[in-house]
Amino acid sequence: MALSEMNGDGSEQEEDRCQEPDVIATGNILESFTESQEIRGLINSLKGVYGNLGTREVTIEKFIVIMDKYQEQPHLLDSHLEWMMHLLLDVVRDNRSPSPLVHLAFKFLYIITKVRGYKIFLRLFPHEVADLQPVLDMFADQNPKDYETWETRYMLLLWLSMTCLIPFDLARLDGNILSEEGRTRMPIMDRILKVAKSYLVVSDKSRDAAAVLVSRFITRPDVKQKRMADFLDWALSTLSKSSFQTMEGTIVMDGMLQALAQLFKHGKRDDCLPYASTVLECLDNCKLSESNQTLLRKLGVKLVQRLGLTFLKPKVAKWRYQRGCRSLAANLQFSAQVPVAQNLVAAAVTAAADEEEYDIPGEVENVIEQLLIGLKDKDTIVRWSAAKGIGRITGRLPKELADDVVGSLLDCFSFQETDNSWHGGCLALAELGRRGLLLPSRIADVVPVILKALTYDEKRGACSVGSNVRDAACYVCWAFARAYDPLELKPFVNQISSALVIAAVFDRDINCRRAASAAFQENVGRQGTFPHGIDILTASDYFAVGNRVNCFLNISVYIASFPEYTQSMIDHLVNMKINHWDGVIRELSTKALHNLTPQVPEYMTNVVLPRLLPLSVGTDLHTRHGAILACAEITHALYKLAAENNRSVTNYFNEKSLEGLKQIHQELCSRQLYRGLGGELMRPAVCTLIEKLSLSKMPFREDPIIDGWQWLINDSLRSLPLVSSTARQQIKEAAVSALAALCNEYYINEQREANPVLQGELLQQYISELQNTEEMIRCGFSLALGALPRFLLKGKLQQVLEGLKKVICISHKDVSFAESRRDGLKATAKVCQTVGVKRDGPQDEFVCKDNVIQIYMMLLNGMSDYTTDSRGDVGAWVREAAMTSLMEVTLLLVQNEPELLDANICKQIMCCVAQQSAEKIDRFRAHAGSVFLALLNFDNPPIPYIPHREELERIFPRSEAVTLNWNAPSQAFPRITQLLGLPTYQYYVLLGLTVSVGGLTETTVRYSAQSLFDYMKKIQNNLDAMNNFCETLLRVFEDNLLNDRVSVPLLKMLDQMLANGCFDIFTTEENHPFSLKLLTLCKEEIKKSKDIQKLRSSIAVFCGMIQFQGDMREKVLFQLLLLLCHPFPVIRKTTASQVYEMLITYSDIVDPDILDVVMTVLSDTNWDAELPVVREKRNYLCDLMKVPKPQLVSKSAA
């Protein structure tokens, strides 16, 4: 049983999010059954709704929804069950009630039973003598194969199981069993038995109710004398003839096992004992343990334990342990005072005097053996049933035999056994402890086993098993806290408390952490002896341990501040967690060791590090990985501690430790452990080690190991194309971080400068790699250049910028290298921040007036990267990096040398970012929006030359900068479209909006289009504003002609704008220049195009343009009729359909006399037909509509 299930629903997200407690604790908050009147109304309405399928289903659904609310607190229904049952049974008993209504009433009864449980509900059924015959008669009308009315049969069987308990001999109810026709009527006893037998073999839930009926009916005094032996004979023969290999056999066996288990549970021991051996023998022959049906194995275990209880006399073991005081207040008081010996009712005192000797049947050994095997079953429900059986049977055994059972149980915890065996063993130990059957003398044997179980974790392939074992071990600790007096557990308090704290803080699984926290809480309350229990409990309660990162990095530090726990926590991390199969746990463990180091620096130096150094060059990959990271983190923590105390880090390290740290890289390199899949873990681990040792200022200057470390960093960056995509980013980041730390510590001389030879070689090597044919190598070395310290860039800035410029620029051969361009942009910004700004400084050393334009052009180029490949819009990564870099460089300049900022540059930055903040991808739009507002609202000092600053601050008030959600189209587009009214931004915002309005995402299209139409309505009567907007729109179209990324969405947007009457002001004027230019551009766009989507969009635009007056109409009609003979049949059909709709909308286009003919030709012609046939129809339409016929151009002439 998982304690986590007892303490909450466990729905909280595992990683990095610790939700507020009130988000989770929403269960068990109802106070009463508030819907009683509504339920009464629903039941009373059954007679009116049963005939209509729709209303019947609605009524059932309402009833289910109301009742399901009380699944967790069904006791609230108790005072209402009786009237609900009577209302429904009145419907059932009414002879006028049709069959569907009766079935509906029984369905409602079943829904109530499902919520409250049949055992409670059963007692309320009417059970007068007069009820027996009607209930039996109802079975005659039932069809066991009708799967829609199984609830009726289920409830009838439960009702019959209650009515059959009437305290009269059933033979007295038979009367004259000769019927009028002279035939013998079946006695009531046989009728009930026949019903029970028939329903024990059905496939629905009625089988469960039939088993209940059997257990109550067969155990009646009159029935057991006459029918019990026959029934058992029938059940055992049916069981032995059935096979669990078939579905039918499984169903039959299920029914028989349920009936037998219920019978031996409810029957008197004296009645059942004569048959128990036979049943056990039959059960052994069935070999249920070999079945793959979980339910059959569970029922087998259940029946075995019932048989075992039948063999043993029902008595309470006088030798069992009984705890005295159970007051929590007394326990807490006990912890503060000197323990006072209490008069415990211990078993040992009275056992010798009162133990009643009697022979234990030989079958009990067989029963216990089967239950011990059941503890090792592969399914939890079987193990749990076996554990309860062990507990029940042990309670009836003499003390010596019970101790033998405990000894056999402890054999489950061998490391040769599976996790199932450990789990079952824990459940059984908890059960014995709860029942007082695990005597204090055995605690010394049990506690070590439980401590092992609390850290049980067996690797299986790519994952592990054991979380259920650890959870069950927490349950054992929880049970022991309630079962034993504090004096009994006192010798083991430190061990148990440390183990539970470790499980609560360092376990991988959230349910185990919560279970350990609950067990710790129970021990603090019941035992009152756990050191610092209340303080720890406050810090590591159920909700606090829900976040794994918080547990490892924060809660652990607080708990480790109590000396009783410090060393055990550190030892656990070193022994169990740094070699864990999950890399995330290994990394968290090493960070936890870093945080715990200040508590016991001497222990870390003298014990932990010497233990880790051999492991860091060991044979096991995971252990090696964790040990290297642990060495790195502990070393860095010791350095920080030394720095705080104004001591040298070498005070904490002896010569052997320093040599060991140096040897790690050399050993791995000589054994070629950087190769292959293992290398994907070793490279980032050793790079982290290099970084931490460099940051810790280790005395390795001028040591050959520095060259080895530099080789590893370079080799890791060169090997990026060879490693898996999952490890690539981690290796790249680790190598770049290591490089920065290494250079800062070991490549700078006393004059704070670099060795010119080393500087030249390093930069030459890195810049040459920027033109590598492998994209990942470019990425790595770009970021490496960005991480170099200022003294290495001094005098080489222009050379570095030229190298990065080649990475950033798109050339024909590396157009798909979006990731290298992204990292090149990031590196450019980092380099600028590293070297700093000096207006009149040399361009080889500073960002200055001579190179600032070049830097901005490099960054602005990234804003126009719209590269796409099989991964989608990969250019978005480049644009995102460009925006971030532009912001960083601009803020750097404005804080140091604002004179270097140029009005044109500021305008370009703001316009480009505004365009991105109107585009379709939510994440990148949100990033653009945050950059836009960061630049606008920066005031330390404010950025100069921002166009229309006042209007922008009105559109984006500072008070709403934090709350505005750019990710949500409903919030972003109404704001960004307001920029269309600002001349500087209009072109760029419209370009971004085009892609959004003509996009595919439904919410983006809806809100962006609505915002655009709202803006158009505002300027509808302002001719100048309309002319400016239309000029900008045509310019966007012209600039992006044949650029499908923009032109296709633009055609879709134009279609929507025309349909929404955005250009109504121009439709009254004949041959308006806007319409003529738009038509020309549309024709140019689709010329020789084979893009179906583009052609379809253009058809819609042409149909919308028909609203313009003058020669435009004839030109538009000519284009549409031309498309009616397009080579693609789908385009011909689309054109015909759209023209048909256009003629309905604008009926004044053609002469009313010929309108019907034109419509008929458009609708009746098969536009899929051969082109000559279609052309004839099209030409006929040209004649009708007085439009020039398109001339067929031969290919040679073309």
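The axes of helix H16 (residues 269–286) and helix H17 (residues 294–311) come within 9 Å of each other and cross at roughly 135°. The model is a predicted one. In the whole structure, a search finds 57 salt bridges.

- The crossing of H16 and H17 has a left-handed sense.
- On the H16 side, the contact with H17 is made by Arg-269, Cys-272, Leu-273, Ala-276, Ser-277, Val-279, Leu-280 and Leu-283.
- On the H17 side, the residues that meet H16 are Gly-300, Leu-303, Val-304, Leu-307, Leu-309, Thr-310 and Phe-311.
- H16 also crosses helix H15 (residues 247–266), with axes that come within 12 Å and an angle of roughly 150°.
- That angle makes H15 roughly antiparallel to H16.
- The crossing of H15 and H16 is left-handed.
- Met-253, Leu-257, Leu-263 and Phe-264 of H15 meet Cys-272, Ala-276, Val-279, Leu-283 and Cys-286 of H16.
- Cys-272, Ala-276, Val-279 and Leu-283 of H16 are listed in the contact with H17 and also in the contact with H15.

**Salt bridges**

- Side chains of opposite charge can pair when their charged atoms come close.
- Asp-703 pairs with Lys-662 in a salt bridge, and their closest N and O atoms are 2.8 Å apart.
- Asp-703 sits in the loop between H36 and helix H37 (704–718), while Lys-662 belongs to helix H35 (residues 655–670), so this pair ties together parts that are 41 residues apart in sequence.
- Both partners count as buried: Asp-703 has 18% relative accessibility, and Lys-662 has 14%.
- Salt bridges with shared partners join Asp-457, Arg-470, Asp-507, Arg-508, Asp-509 and Asp-582 into one network.
- Within that group, Asp-509 forms a salt bridge with Arg-508, with the closest N and O atoms 3.8 Å apart.
- Arg-508 counts as partly exposed, at 25% relative accessibility.
- Arg-611 forms a salt bridge with Asp-571, and the closest N and O atoms of the pair are 3.8 Å apart.
- Arg-611 lies in helix H33 (residues 601–615) and Asp-571 in helix H31 (residues 563–577), so the pair links parts that are 40 residues apart in sequence.
- Arg-611 is partly exposed at 29% relative accessibility, whereas Asp-571 is buried at 18%.

**A buried glutamate without a salt bridge**

- Glu-680 is found in helix H36 (residues 676–695).
- Glu-680 is buried yet forms no salt bridge, and the nearest side chain of opposite charge, that of Arg-728, is 8.0 Å away.
- A salt bridge requires a side-chain nitrogen of Lys or Arg within 4 Å of a carboxyl oxygen of Asp or Glu.
- Apart from neighbours within four places in sequence, Glu-680 is in contact with Val-723, Ser-724, Ala-727 and Ile-731.

- Val-469 is part of helix H25 (residues 467–483).
- With a relative accessible area of 0%, Val-469 is buried.
- Not counting residues up to four places away in sequence, Val-469 touches Asp-419, Trp-422, His-423, Cys-426, Ala-453 and Tyr-456.
- Val-469 and Val-600 are 131 residues apart along the chain, and their C-alpha atoms are separated by 32 Å.

**Backbone features**

- Most residues other than glycine have a negative phi, and most peptide bonds are trans.
- Asn-940 and Pro-941 are joined by a cis peptide bond, with omega about 0°.
- Pro-941 is placed in the loop between helix H47 (922–937) and helix H48 (949–955).
- Leu-1042, a residue other than glycine, has a positive phi near 65°.
- Leu-1042 lies in the loop between helix H52 (1023–1039) and helix H53 (1044–1059), and is exposed with a relative accessible area of 54%.
- Lys-1186 is not a glycine either, yet has a positive phi of about 55°.
- The place of Lys-1186 is in the segment after helix H60 (1171–1185), where Lys-1186 is exposed with a relative accessible area of 70%.

Terms used. Residues numbered from 1 in each chain as written. Predicted model: local features only at pLDDT ≥ 70, side-chain atom pairs only at ≥ 80, totals over all residues. Heavy atoms only, no water. Helix = DSSP H or I, 4+ residues; strand = E, 2+ residues; numbered from the N terminus. Buried < 20%, exposed > 50% of the residue type's maximum accessible area, 1.4 Å probe, protein only. Lys, Arg positive; Asp, Glu negative; His and termini not counted. Contact = heavy atoms within 4.5 Å. Axes fitted to C-alpha atoms, helices over the stretch in contact; angles between N-to-C directions. Left-handed = near helix turned anticlockwise from the far one by under 90°. Parallel < 35°, antiparallel > 145°, perpendicular 65-115°, else oblique.
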